[in-house]
Amino acid sequence: MTKKRTSLSALRKLSFTHQNGHCYYCNQPMWNSNQKEFSKKHSITIKQAKQLQCTGEHLLSHSLGGPATKKNIVAACAYCNRNRHKRENELSPM
């Protein structure tokens, strides 16, 4: 039986604030609530802004038993979160 996943919403928002709205890995600004406003502010397309949506990322992956705790969850852009584990050498914070 697999362990039930806990919502990361509150921890993601906490990390987003603590990291001043920047990705833990690439340090790019992220958005948490208004994609259109973010794309206008940064003069990028909606498609580009989608890659910079804030997500909650486990430092020690959930599949390896990483808990949903303040110490193990960081805010990462969708691009880094999606591609982090596909790399030969995993990303580390900047």
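## The largest pocket

What is the volume of the largest pocket? The volume is about 170 Å³. Please keep in mind as you look that this is a predicted model.

The residues that line the largest pocket are Phe16, Asn20, Gly21, His22, Pro29, Met30, Trp31, Asn34, Glu37, Phe38, Lys41 and His42. By class, this lining has 5 nonpolar, 5 polar and 2 charged residues. Helix 2 gives the largest share of the lining, 3 residues.

Most residues other than glycine have a negative phi. With that in mind, two loop residues deserve a look.

Asn20, which is among the residues lining the largest pocket, has a phi near 55 degrees, a positive value in a residue other than glycine. Asn20 sits in the loop between helix 1 (9-18) and helix 2 (35-41). Its relative accessible area is 62%, so Asn20 counts as exposed.

Further along, Ser43 also has a positive phi, near 50 degrees, and is likewise a residue other than glycine. Ser43 belongs to the loop between helix 2 and helix 3 (46-51). Is Ser43 buried or exposed? Ser43 is exposed, because its relative accessibility is 67% and the cut-off for exposed is over 50%.

## The aromatic pair

How many aromatic pairs does the structure hold? There is 1 aromatic pair. The partners are Tyr24 and Tyr25, with ring centres 5.1 Å apart and planes at 90 degrees, so the pair is edge-to-face. Angles over 60 degrees fall in that class.

The two partners can also be described by their accessibility. Tyr25 is buried, because its relative accessibility is 3%, while Tyr24, at 26%, counts as partly exposed.

Now turn to strand 1 (residues 54-58), where Thr55 lies. Why does Thr55 count as buried? Its relative accessible area is 18%, and buried means under 20%, so Thr55 falls in that class.

Which residues does Thr55 touch, not counting those up to four places away in sequence? They are Arg12, Val74, Ala75, Ala76, Cys77, Ala78 and Asn81. With one of these, Ala76, there is a polar approach to look at: a polar atom of the Thr55 side chain lies 2.7 Å from the backbone oxygen of Ala76. A polar contact needs a pair of N or O atoms within 3.5 Å.

Technical notes: Residues are numbered from 1 along each chain as its sequence is written. This is a predicted model: local features need pLDDT of at least 70, side-chain atom pairs count only at pLDDT 80 or more; totals for chains, interfaces and linings use all residues. Side-chain values use heavy atoms; hydrogens and water are left out. Helices (H or I, at least four residues) and strands (E, at least two) are DSSP runs, numbered from the N terminus. Buried means under 20% relative accessible area, exposed over 50%, partly exposed in between (1.4 Å probe, protein chains only). A polar contact is a pair of N or O atoms within 3.5 Å; within protein, one must be able to donate a hydrogen and the other to accept it, and residues adjacent in sequence count only if both atoms are side-chain atoms. Contact means heavy atoms within 4.5 Å. On a 1 Å grid over the protein atoms alone, a cavity is a set of points where a 1.4 Å probe fits but cannot get out, and a pocket is an open set with protein on both sides within 12 Å along at least five of seven lines; lining residues have an atom within 4 Å of a point. Grid points are joined across faces, edges and corners, and a volume is the space filled by probe spheres set on the points. Ala, Val, Leu, Ile, Met, Phe, Trp, Tyr, Cys and Pro count as nonpolar, Asp, Glu, Lys and Arg as charged, and the others, Gly among them, as polar. Rings of Phe, Tyr and Trp (its six-membered ring) pair if their centres lie within 6.5 Å; planes under 30 degrees apart count as stacked, over 60 as edge-to-face and the rest as tilted.
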